[in-house]
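Work through the exercises below with the model open beside you. Try each task before reading its solution.

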Amino acid sequence: MKHWYMLTLVGKDRSGIVAHISAALFDGGCNLGEASMMRLGGNFSIMMMVEFDGTSHALQQMVAPVAESMGLHLHLDRIAAQLHQHLEPDLRITVYGADKAGIVARITGALAEAGLHILEMETSVAGSVEQPIYIMQIEGHAAEGLAALQSALDVVAQKGVEAHLEAIDTMIG
Amino acid sequence: MAILEILTYPDERLKQLAEPVTVFDQALHSFLRDLEETMRAGPGGVGIAAPQVGRFQRIALVDCSVTRKPVPNHGLLVLINPEISEWEGMTVGREGCMSVPDYTGNVIRAERIRLQAFDADGVQHEYQCEGFEARALQHECDHLDGMLFLDRLVSRRNDLFRRKVYQK
C-alpha cells in the first residue's frame, strides 16, 4: 500500500544535494510529488512529497544515511495528501520596508482577519548589515474579496512600509 | 453543435505545427461553432485554438468580453491564419490552459500587439490589442506553432515584484 510522506531536509548548503537525495529515493522505489527547495540564510532546505510503498521506519532507514553523508537534518511525516489539488491564487501582496520586528505578524494578522488565505509566501532580508530591508511576497486567495484586504492593508501599512496589493487575473486559453 | 474533446499535454499532438486554412466553406463555419461552444464550456476560458481539439489548422477564437473584471476587448474574435506583425512593451501575467489542467504560471507577453487575421468568410482584418486580450491572442497563436505556455514560464517569485518597484 502506497503512502505519501513529507520529507524535510535542512543543513548547510552545497551543490548536488537535490540530485543525491532524489537518486536515493528513486533507487529505493519512491515517487516524488510536489517539492519546494529554498536557500534560507545560507542553509539548504527542502520539503518534498514522497510516495513510498512501505513504513515510515523503512523510508527513514533508506534516507538517513544519504542525509547524514551530506550533513543534513532529516524529518519525516506520514501525511494525508493528494496531487491535483492546487488552489489558484487570485491576488498578490508585496510588502517592503526597513526591517523592523513585527512586520509579518502585524500585516498577516490583519489580512487573515480580512479573509486572506496565504497559498505561497516568501520573505527575504536584503539591503546591508547597517540598513537591512525586509521584503515579503504573498500569493493568496481572498475569501471576502480584494476590497476587504486592501482596507486592512491600508490600516496596517505604516510609514516606511510599502504594501501593495494586486489582483492576479489568470488568463485561461 | 457539439462540445469537442480537449487534448491535454503530454499529448504530443499539441506540439505540432498547424497548417494554414485555404478553404472557407460551410464545414469551416460548422467547426467554428463547435470550437466556440467548446471554449465557452471550459471554466473561465477566454480563448481556444484548433489544435487543442485535434484539428491542426491555424484557427483560434478569443473572447475577452466575458472576464470577471472588465478588460479592453474586441468581443468574439475569429482568427484564421493569424499573424502578429507588431509587438510592443512587455508584461508578466498568470496563464493557465485547458490543455494543461491544474497548473498556472507566469509568462512574459507583449503588452500591445497588432495582428492580421481572416474571418470565417475569408475577409482579412487587422486588430490592435492590449493587455489581457493581447495576452490571450499570443497564447492562442502559440498553440498554432505547437507552443504551450509551459514553454515560456518565468519565475513565480521575482519578476513581477521587480517590475512593480521600477514603475513607482
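**Exercise 1: A charged pair in chain B**

B:Arg13 counts as partly exposed, at 39% relative accessibility. Here buried means under 20% relative accessible area, exposed means over 50%, and partly exposed lies in between (1.4 Å probe, protein chains only).

Before going on, note the ground rules. This is a predicted model, in which local features need pLDDT of at least 70 and side-chain atom pairs count only at pLDDT 80 or more, while totals for chains, interfaces and linings use all residues. Residues are numbered from 1 along each chain as its sequence is written, chains are lettered from A and ligands numbered from 1 in the order in which they are written, and side-chain values use heavy atoms, with hydrogens and water left out.

Task: find which side chain meets B:Arg13 in a salt bridge.

Solution. Step 1: recall the rule. A salt bridge is a side-chain nitrogen of Lys or Arg within 4 Å of a carboxyl oxygen of Asp or Glu. Side chains of opposite charge can pair when their charged atoms come close. Step 2: look at B:Asp11. Its side chain meets that of B:Arg13, at 2.8 Å from N to O. The whole structure has 18 salt bridges over all chains.

**Exercise 2: Bridges between distant parts**

Task: state which elements are linked by the salt bridge of B:Asp63 and B:Arg40.

Solution. Step 1: take the distance. The closest N and O atoms of B:Asp63 and B:Arg40 are 2.8 Å apart. Step 2: place the residues. B:Asp63 is in strand β2 (residues 59–63) of chain B, and B:Arg40 is in helix α1 (residues 26–41) of chain B, 23 residues apart. Helices (H or I, at least four residues) and strands (E, at least two) are DSSP runs, numbered from the N terminus. Step 3: check the cover. B:Asp63 is buried at 4% relative accessible area, whereas B:Arg40 is partly exposed at 41%.

Task: do likewise for B:Arg114 and B:Glu126.

Solution. Step 1: their closest N and O atoms are 2.7 Å apart. Step 2: B:Arg114 sits in strand β6 (residues 112–118) of chain B and B:Glu126 in strand β7 (residues 124–130) of chain B, twelve residues apart. Step 3: B:Arg114 is partly exposed at 21%. B:Glu126 is partly exposed too, at 46%.

**Exercise 3: Where the chains meet**

Task: describe the contact between chain A and chain B.

Solution. Step 1: count. Chain A gives 25 residues and chain B gives 30; contact means heavy atoms within 4.5 Å. Step 2: take the area. The two chains bury about 2300 Å² between them, 50% of it on carbon and sulfur atoms. Buried area is the accessible area (1.4 Å probe) that two parts lose on being put together, summed over both. A:Met171, A:Ile172 and A:Gly173 supply 31% of the area that chain A buries against chain B, more than any other three residues. Step 3: find the charges. Three salt bridges cross the interface. One joins B:Lys69 and A:Asp169, at 3.2 Å from N to O. Step 4: follow the strands. β9(A) runs parallel to strand β4 (residues 91–97) of chain B, joined by two bridges. Two strands pair if DSSP finds at least two bridges between them. A:Ile172 stands opposite B:Gly96 in β4(B).
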